[in-house]
Amino acid sequence: MKPNSKLSGIIGVGSYLPPNILTNFDLEKILDTTDEWITSRTGIKERRIAGSDEFTSTMAVKASKKAIEMAGIKPQKIDMIIFCTISPDYPIPCTAGILAKELGIKDAGGMDVNTACTGFIYGIALADAFIKAGKSKYALVVCSDKLSAITDYQDRSSCILFGDGAGAVVMTQTSEHGVIDYKLGLLGDEWEKIVIPAGGSRNPASEETVKNRMHYMRLQGREVFKLAVKYMGSAIEEILKKLEMKIEDINWIIPHQANRRIIEAICKHFKIPQEKVFINIEKLGNTSGGSIPIAIDEMLEKKLLKKGDILALSALGAGVTYGAAILKWGI
Ligand code: UT7
């Protein structure tokens with residue numbers, strides 16, 4: 001990567017995790033499941049669950065404040081808010097508006113992006129495009145989800161996976177570090193694999209839809225598992241090939257934390273050494289788009305990231321969307 005080329009890079013990171021913990025043993029009490037099954041099939045031991053007074057927006061505010069503080073700017077300097085979520089506070093308005101009010105941001109563009117677990121990859125790609133087009137000086141990418149609000153705790157094959165949390169980054173124009181390249185994918189043929197069947201214009205909410213629990217997420221787990229292994233790996237492979245880079249050139253792979261077995265299968269198939277892969281799924285479960293920025297924040301706290309490290313991020317989620325990004329780290 002040539003220095004001084006016009007790049008966009010991350011200059012602040014923040015995350016928020018609700019203090020409430022839901023363990024596998026807690027789930028054993030309400031479901032026909034066991035800690036042994038969940039641990040061996042997913043690698044998850046516990047997940048965080050937002051309190052009744054915590055929402056997607058309130059978690060995002062906390063993560064964003066931390067990212068903005070690290071960036072060393074006033075919130076009012078943010079001129080673009082990219083809010084990635086599948087559990088907005090309300091269907092209308094976009095959660096970006098609620099966040100803007102809470103942070104005192106008055107002069108910014110903003111939107112919600114509904115790409116589920118691929119939220120962070122799409123979010124930084126959008127920020128990169130706005131910054132490179134000269135349309136944003138400081139972009140805030142925040143991924144926040146209160147998945148517990150759209151999870152069916154009577155469905156043992158999906159509810160064991162999900163947790164709540166938020167991760168945020170501030171991006172600006174940089175020269176020595178930043179986003180090198182990304183790949184965004186959308187498998188429209190697979191859209192039914194992860195769906196909330198009611199509450200939209202096809203099936204507006206009714207007594208019937210609520211009775212049939214159609215306002216909760218439905219997941220074809222085994223099918224999504226196979227798609228995740230295939231596309232999260234191939235997306236990284238595709239960018240590396242384009243950039244004429246090898247897996248050895250990557251210092252850290254930070255995958256979306258969907259299932260430990262998915263991550264292990266990707267490593268095996270694409271011959272990625274596991275020690276290069278960051279995994280924190282055991283304590284957090286799948287937090288959707290937040291999982292990658294939450295992981296980055298934890299890695300910073302643990303001093304695992306060095307300036308100049310090359311990171312590969314990869315994710316797959318509802319849509320079915322998938323994507324990967326290669327970044328040079330600079331904080
Ligand atoms: O972030 C992107 C979105 N989501 C994902 O990436 C999730 C991807 N999928 C997965 O992680 C896995 O497919 C699951 C963890 C959801 C399920 O694991 P699996 O190994 O694919 O299990 P399965 O759905 O094929 O079910 C195997 C068996 C079934 O029993 P039978 O039919 O073989 O008798 C299930 O009924 O396991 C049973 N089962 C459970 N047993 C105990 C399913 N859930 C549970 C459970 N406890 N919680």
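Tutor: Just after helix α4, G104 adopts a positive phi of about 70°. Helices (H or I, at least four residues) and strands (E, at least two) are DSSP runs, numbered from the N terminus. This is a predicted model, in which local features need pLDDT of at least 70, side-chain atom pairs count only at pLDDT 80 or more, and totals for chains, interfaces and linings use all residues. Residues are numbered from 1 along each chain as its sequence is written, and side-chain values use heavy atoms, with hydrogens and water left out.

Helix α4 itself covers residues 95-103, and its buried residues are T95, A96, I98, L99, A100 and L103. Buried here means under 20% relative accessible area (1.4 Å probe, protein chains only). These buried residues pack against α3 (56-71), β4 (80-84), β5 (109-113) and β6 (139-145).

As for the setting, the protein's secondary structure comprises 11 helices and 13 strands. Its radius of gyration, taken over C-alpha atoms, is 19 Å, close to the 20 Å that the globule rule (2.2 Å times the number of residues to the power 0.38) gives for 331 residues, so the protein is as compact as a globular protein of that length. The C-alpha trace spans about 55 × 45 × 35 Å along its principal axes. Of the 331 residues, 57% count as buried. Among contacts (heavy atoms within 4.5 Å) with a separation of 6 or more, 78% join residues 24 or more positions apart.

How values were computed: Buried < 20%, exposed > 50% of the residue type's maximum accessible area, 1.4 Å probe, protein only.
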